[in-house]
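This report describes how the parts of one protein model are packed together. Please examine the sequence and the structure before reading on.

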Amino acid sequence: MYVVETKEGAIACMVLSLFCLGTFPALLTLLERRGRLPQHTFLDYTITNFLAAVIFALTLGQFGKSSPDRPNFIQQLSQDNWPSVLFAMAGGVALSIGNLSSQYAWAFVGLSVAEVIICSIIVILGSTVNYFLDGKINRAEILFPGVACFLIAVCLGSAVHSSNTADNKAKLERLSANLKKESKEIDASTISSRVESKDLENADCSSRNAKAGTADFLVQLENRRSIKVSGKSTLIGLCITFFAGVCLSLFSPAFNLATNDQWHTLKEGVPRLTVYTAFFYFGTSFFVIAVVLNVVFLYRPILNLPKTSFKAYLNDWNGRGWAFLAGFLCGFGNGLEFMGGQAAGYAAADSVEAFPLVSTFWGIVLFGEYRRSSRKTYVLLGGMLFMFAAAVVVLMASSGHRHERGVGKSLGKSCESTNLCAN
């Protein structure tokens, strides 16, 4: 079994995780904007996400030497470690519900802002809990200023969304006024005739000069996408976003409890779950919950999506490869985050929540987000990203080393210095 032993190795895992976790939301958004139903996309994504956990378990978790306190994956499957297994599975349930909610939040709020708000909530709640669970191995004087930066980023993210929504509304009002002057009827069919169907995700796409950021582009996007958001309350999008953030803030602490048994739920002499075994159970529960919810949504869709069927899903190959790739990226990103967190502390590993920096890049380059917006929107966006980047740097600087403080060395005394452990 491969184990990350050094802080440098942990940071390398976090950087790779950052790229993976920042790219998969862009792929899911790409498919939604092309009109693919989110139920179909998420079912495909769920399959490869689970396969990533299986690959981690059967390779890094199985190869190499094992010991009584560090058994390999196959050996742990037969051990009496169900309390830790349940913590891992609870984390998978939280991630599944949070990711499913995020997919709808991206449509309402936009990829860039939604990811910043969600990930800031994850860091504010998750890092605080993980700090105490890990026996305070991360430097508090560095960690919590980083958490404060994320809190500021949340406020700026909400302001960016509000400002950008106002910009888009003004663009559409100007379009309506121009059409009235030309005595043209403004309806979906009229506007659709003005723009041909092309990839909306290409920021350079145009049909009769329908450039990214223009009113024509916004109408074209609304006509093409699968989740219709025009005319719906901004509050709906923000509520979904904050709900997703709360759900996602729980999966890392649950995984931490599964691998380090801070609450002493395992019987004496039973080794704690390795990262790879815990990730397998984590991925299994994620898979089961995601499949059940999305099969229900096929026949009972939400947000006025069209009803579909399992047969229609099986026959829908439009964009399936991108959905599969998104699942692999998310799965590998989570696995690398857990490997880094086990070595350097899960509070520091939450620095991978910097992936909105990557998502924002994709949002601007692929989707034309914030094109032709107001100066106020650009100033707020710049401030949000600056605070976000500062928070990530500070969180990584707070990285500790689990073995330096004795956390995780013994099977029965893994959290003597934490206030969250059972007495």
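Phe328 is found in helix H12 (residues 320–344); helices (H or I, at least four residues) and strands (E, at least two) are DSSP runs, numbered from the N terminus. The model is a predicted one, in which local features need pLDDT of at least 70 and side-chain atom pairs count only at pLDDT 80 or more, while totals for chains, interfaces and linings use all residues. Residues are numbered from 1 along each chain as its sequence is written, and side-chain values use heavy atoms, with hydrogens and water left out.

Phe328 counts as partly exposed because its relative accessibility is 27%; buried means under 20% relative accessible area, exposed over 50%, and partly exposed in between (1.4 Å probe, protein chains only). Leaving aside residues up to four places away in sequence, Phe328 touches Thr48, Asn49, Leu51, Ala52 and Ile55, where contact means heavy atoms within 4.5 Å. Phe328 and Ala53 lie 275 residues apart in sequence, and their C-alpha atoms are 9.1 Å apart in space.

In the protein, the secondary structure comes to 15 helices and zero strands. Two helix pairs are set out below. Axes are lines fitted to C-alpha atoms, for helices over the stretch in contact, and angles run from 0 to 180 degrees between N-to-C directions.

| Helix pair | Axes come within | Crossing angle |
|---|---|---|
| H1 (residues 7–33) and H12 | 7 Å | roughly 155 degrees |
| H2 (residues 38–58) and H10 (residues 275–299) | 9 Å | roughly 165 degrees |

The angle of roughly 155 degrees makes H1 roughly antiparallel to H12, and that of roughly 165 degrees makes H2 roughly antiparallel to H10; angles over 145 degrees count as roughly antiparallel. By class, the contact of H1 with H12 has 21 nonpolar, five polar and one charged residues, and that of H2 with H10 has 21 nonpolar, seven polar and no charged residues. Here Ala, Val, Leu, Ile, Met, Phe, Trp, Tyr, Cys and Pro count as nonpolar, Asp, Glu, Lys and Arg as charged, and the others, Gly among them, as polar.

The largest nonpolar core has 89 residues, and those with the most contacts inside it are Phe24, Tyr45, Phe255, Phe338 and Met339; such a core is a set of buried Ala, Val, Leu, Ile, Met, Phe, Trp, Tyr and Cys residues joined through side-chain atoms within 4.5 Å. Beyond residues up to four places away in sequence, Phe255 touches Val275, Ala278, Phe279, Phe282, Phe338 and Tyr346.

Of the 423 residues of the protein, 55% count as buried. Among contacts between residues at least 6 apart in sequence, 85% join residues at least 24 apart.

Key: Angles under 35 degrees count as roughly parallel, over 145 as roughly antiparallel, 65 to 115 as roughly perpendicular and the rest as oblique.
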